[in-house]
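Dear colleague,

Please find below the structure that I am handing over to you. My findings follow it.

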Amino acid sequence: MNEERRKRIDRYKLYIIWFFLGVTILPIIVSSLLLIKVDALEQKVLAMADIPGSDNMTLISSGEALMSNPNVNLEFLQGENKEGLVEPDGLERKDPDNFDGKKRVYLTFDDGPSIYTGQILDILAANDVKATFFVIAREDEAYWDYYNRIIDEGHVLGMHSYTHNYSQVYASLDAFENDVDRLSQFLYERTGIHPTIYRFPGGSSNSVCHVPMEECIAYLNEQGITYYDWNALNGDAVTNELSTDKLIENIMTSVRQNNTSIVLMHDIPSRHNTVESLQELIDILKEEGYEILPIDENTPLVQHVSYDKGFQNAAD
C-alpha cells in the first residue's frame, strides 16, 4: 500500500512538473517564434517607410519596379514587361554615334542624403570616383552638411523632388512646378547652387503622374533643367534583402550591354547593402575598363520618355 501510494505521489509530482513546464516554457517558445515573425514583418514595413514619400501608394512605378526575389536576374528586354520592370520605347541603351571606344558608367544615388551618405562619400573619395546624387529636401539640419560635401568633393548634385511624395509631387502641373522650385530654392539656400539636372520620382516612365509627363518635361526645359533616368539598376528600390553579390550582378548584367550606363542606386536608411556593395562594384568596373564619371553636359541622355519637341508648340 505504501508502495502504491508512493508511486501515485511520484506520478502526481511528474504531472505537476510537466504542467509547470507547459505553462512556463511553452509560452516562451511560442512568444519567441511570434517575435521572430513580427521582427521580419517590421523590417519589411520599415523598409517601405524609409522610402521617402511612399504615402501608401505604389512605391516604385513601372519604370523602376523590381522583383523582390533575391534570385531573380533583372534583365532589360526591349518593350517587354518582366513583373513590372519595363524598358520603355525610346530608352537610349547605347550611344553608337558618339562611341569613341571608351565604356562609361555614371553612378547615381537617389533619395539622399541619409545616415549612409557619409559612408558613400568616403568610399568614393578613397577610390577617386565621382558620382551623381539626386537628392530630396531633408529639413533636419543634421543632413545639411552632406549637400555641401557632395559639391565640395567634386560630385554632382541633382534634384529628385522636395519630398518624393507622389501624391503631392504629381497632383497637378502646378504642384510639380512648385515642388521643383521649392527644392531648387532649398538647395540654393544650403549650397549657393541651383542644380540643373533632375530625376523624376519613379522615373519619367512612372505610372502615378496625374498630368502628361511631357508637360512636366516642358517645364524642366523652360527652367534649363535636364532630366535623366537610368539603364542599369541594382534592385535596391523595393527590397533590402538582396545580397551585395546580387546587387552587383544586377548592375553588371545591364552595364555589360551598354557603351554608356547610368546606374540607379538608393541612399536611404534601409539600404546598407548598397553601401557594402559599392567598393566591390567600383573594383569590378575599373578592372573591366569602365570610366566612372559624374553626369555633366557631355553625358548622353538616358530617358525613358522621349520629349516631343513639337509638343510645346502644339500646346501654345
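**Findings**

S161 is buried, with a relative accessible area of 0%; buried means under 20% relative accessible area, exposed over 50%, and partly exposed in between (1.4 Å probe, protein chains only). This residue is found in the loop between strand 3 (156–159) and helix 4 (166–169). Helices (H or I, at least four residues) and strands (E, at least two) are DSSP runs, numbered from the N terminus. The phi of S161 is near 90°, a positive value in a residue other than glycine.

This is a predicted model, in which local features need pLDDT of at least 70 and side-chain atom pairs count only at pLDDT 80 or more, while totals for chains, interfaces and linings use all residues. Residues are numbered from 1 along each chain as its sequence is written, and side-chain values use heavy atoms, with hydrogens and water left out.

**Confidence and overall make-up**

The mean pLDDT of the protein is 79, and 71% of its residues reach 70 or more; pLDDT is the predictor's confidence in each residue, from 0 to 100. Two stretches call for caution. Over residues 38–97 pLDDT stays under 50, and the model has 134 contacts beyond four places in sequence for them, where contact means heavy atoms within 4.5 Å. Over residues 310–316 pLDDT also stays under 50, with 6 such contacts.

The protein has 9 helices and 8 strands, and buried residues make up 48% of its 316 residues. Of the contacts between residues at least 6 apart in sequence, 78% join residues at least 24 apart.

**Backbone details**

D128 also has a positive phi in a residue other than glycine, near 55°. D128 is placed in the loop between helix 2 and strand 2 (132–135), and at 64% relative accessibility it counts as exposed. A cis peptide bond, with omega about 0°, joins G112 and P113. P113 belongs to the loop between strand 1 (103–110) and helix 2 (117–126).

Helix 6 (residues 213–222) is largely enclosed by the rest of the structure, because 7 of its 10 residues are buried. These are M213, E214, C216, I217, A218, Y219 and L220. G224 follows helix 6 and has a positive phi, near 75°.

Y228 lies in the loop between strand 5 (226–227) and strand 6 and, at 4% relative accessibility, counts as buried. Not counting residues up to four places away in sequence, Y228 touches residues including F134, Y198, R199, I262, D296 and P300. The C-alpha atoms of Y228 and H304 are separated by 8.5 Å, although the two residues are 76 residues apart along the chain.

**Helices 7 and 8**

Helix 7 (residues 244–255) and helix 8 (residues 272–287) pack at an angle of about 45°, with their axes 9 Å apart. Axes are lines fitted to C-alpha atoms, for helices over the stretch in contact, and angles run from 0 to 180 degrees between N-to-C directions. Helix 7 and helix 8 are therefore oblique to each other (angles under 35 degrees count as roughly parallel, over 145 as roughly antiparallel, 65 to 115 as roughly perpendicular and the rest as oblique). Residues making the contact include L247, I248, I251 and V255 of helix 7 and S277, L281, I284 and L285 of helix 8.

E241 sits in the loop between strand 6 (232–233) and helix 7, and is partly exposed, with a relative accessible area of 44%. The C-alpha atoms of E241 and S270, 29 residues apart along the chain, are separated by 9.9 Å.

Yours sincerely
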